[in-house]
Amino acid sequence: MQITEEQRTKYNLNRKIKRLSNLKEARSKVNTYRAKNLGVIRQRMNNWYHANKQRVNIDRKNWRVNNIDIARQKERNNKLKCLHGITLEDYAQMYDEQWGMCGICGTPGKSQLDGTAIQSELLFVDHCHSSGKVRGLLCVCCNNALGLFKDNEDFLEAGINYLKYFNRR
């Protein structure tokens, strides 16, 4: 008996559907097992890590060497996330909103997404030290100046008055 192309397609389709339903069922069982045995799984993983620590470190170093751009990108993202609670995408959006310039003096700066920029060319994330709220991006000089004035408006006004007084002389 000859099988037609239509029958073959229908048969293959039924096999795929059956495999998918088996896969969904298997995933469901695995997720249930993981949920019930989370502590045991973590302990097993922790034991394996400590037994294979050298191998893990070598693998990590090799991955970093082979994927240096991705590794640097991840480091920048993690640093922004930990220090300021923002992502590289948030930083890029702020950079674009400020047209790539310092929020105080207007000096053009490079984005932290640019892996070739040196520290003095970058725009840094400015934040309120008491609330942690991100305010914008500043060049290194303006960022340091605000920090040295302790983010205090009175100190900044006193500095402005001081400069005005001695510039008139």
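Visitor: Where is E5 found?

Guide: E5 is found in helix α1, residues 5-36. Bear in mind that this is a predicted model.

Visitor: Is E5 buried or exposed?

Guide: The relative accessible area of E5 is 53%. The cut-off for exposed is over 50%, so E5 is exposed.

Visitor: How many Å separate the C-alpha atoms of E5 and K74?

Guide: They are separated by 50 Å. Along the chain, E5 and K74 are 69 residues apart.

Visitor: Now the helix pairs. What describes two packed helices?

Guide: Two values do: the angle between the axes and the distance between the axes. Take α2, residues 38-51, and α3. Their axes cross at roughly 80 degrees and come within 5 Å. That angle falls in the 65 to 115 range, so α2 is roughly perpendicular to α3.

Visitor: Which residues make that contact?

Guide: From α2 come W48, Y49, H50 and A51. From α3 come K53, R55, V56, N57 and R60. By class, the contact of α2 with α3 divides into 4 nonpolar, 2 polar and 3 charged residues.

Visitor: At what angle do α3 and α4 pack?

Guide: Helix α3 spans residues 53-66 and helix α4 spans residues 68-84. They pack at about 105 degrees, and their axes are 5 Å apart. α3 and α4 are therefore roughly perpendicular to each other.

Visitor: Which residues of α3 and α4 make the contact?

Guide: On the α3 side, W63, R64, V65 and N66. On the α4 side, I68, I70, A71, R72, K74 and E75. The residues of the contact of α3 with α4 divide into 5 nonpolar, 1 polar and 4 charged.

Visitor: On to pockets. What shows where empty space is left?

Guide: Rolling a probe the size of a water molecule over the atoms shows it. Here, the largest pocket has a volume of about 430 Å³. It is lined by 16 residues. The closest to its centre are R76, K79, Q112, Q119 and L122.

Visitor: Which elements give two or more residues to the lining?

Guide: α4 does, and so does β1, residues 124-127. α4 gives the most, with 7 residues.

Visitor: How do the lining residues divide by class?

Guide: The lining of the largest pocket has 7 nonpolar, 4 polar and 5 charged residues.

Visitor: Next, backbone angles. What is the phi of K150?

Guide: K150 has a positive phi of about 55 degrees, although K150 is not a glycine. K150 sits in the loop between α6 (140-148) and α7 (153-168). Its relative accessibility is 64%, so K150 counts as exposed.

Visitor: And what is the phi of D151?

Guide: D151 has a positive phi of about 55 degrees, and D151 is not a glycine either. The loop between α6 and α7 also holds D151. At 26% relative accessibility, D151 counts as partly exposed. The reasoning is simple: buried would need under 20% and exposed over 50%.

Visitor: One more residue. Where is the place of W99?

Guide: W99 lies in the loop between α5 (88-97) and β1. With 71% relative accessibility, W99 counts as exposed.

Visitor: How many Å apart are W99 and R55 in space?

Guide: They are 46 Å apart, C-alpha to C-alpha. In sequence, W99 and R55 are 44 residues apart. R55 belongs to the α3 side of the contact with α2.

Definitions and conventions:
Residues numbered from 1 in each chain as written. Predicted model: local features only at pLDDT ≥ 70, side-chain atom pairs only at ≥ 80, totals over all residues. Heavy atoms only, no water. Axes fitted to C-alpha atoms, helices over the stretch in contact; angles between N-to-C directions. Helix = DSSP H or I, 4+ residues; strand = E, 2+ residues; numbered from the N terminus. Parallel < 35°, antiparallel > 145°, perpendicular 65-115°, else oblique. Contact = heavy atoms within 4.5 Å. Nonpolar A, V, L, I, M, F, W, Y, C, P; charged D, E, K, R; others polar. 1 Å grid on protein atoms, 1.4 Å probe; cavity = no way out; pocket = protein on both sides within 12 Å on 5 of 7 lines; lining within 4 Å. Points joined across faces, edges and corners; volume = space filled by probe spheres on them. Buried < 20%, exposed > 50% of the residue type's maximum accessible area, 1.4 Å probe, protein only.
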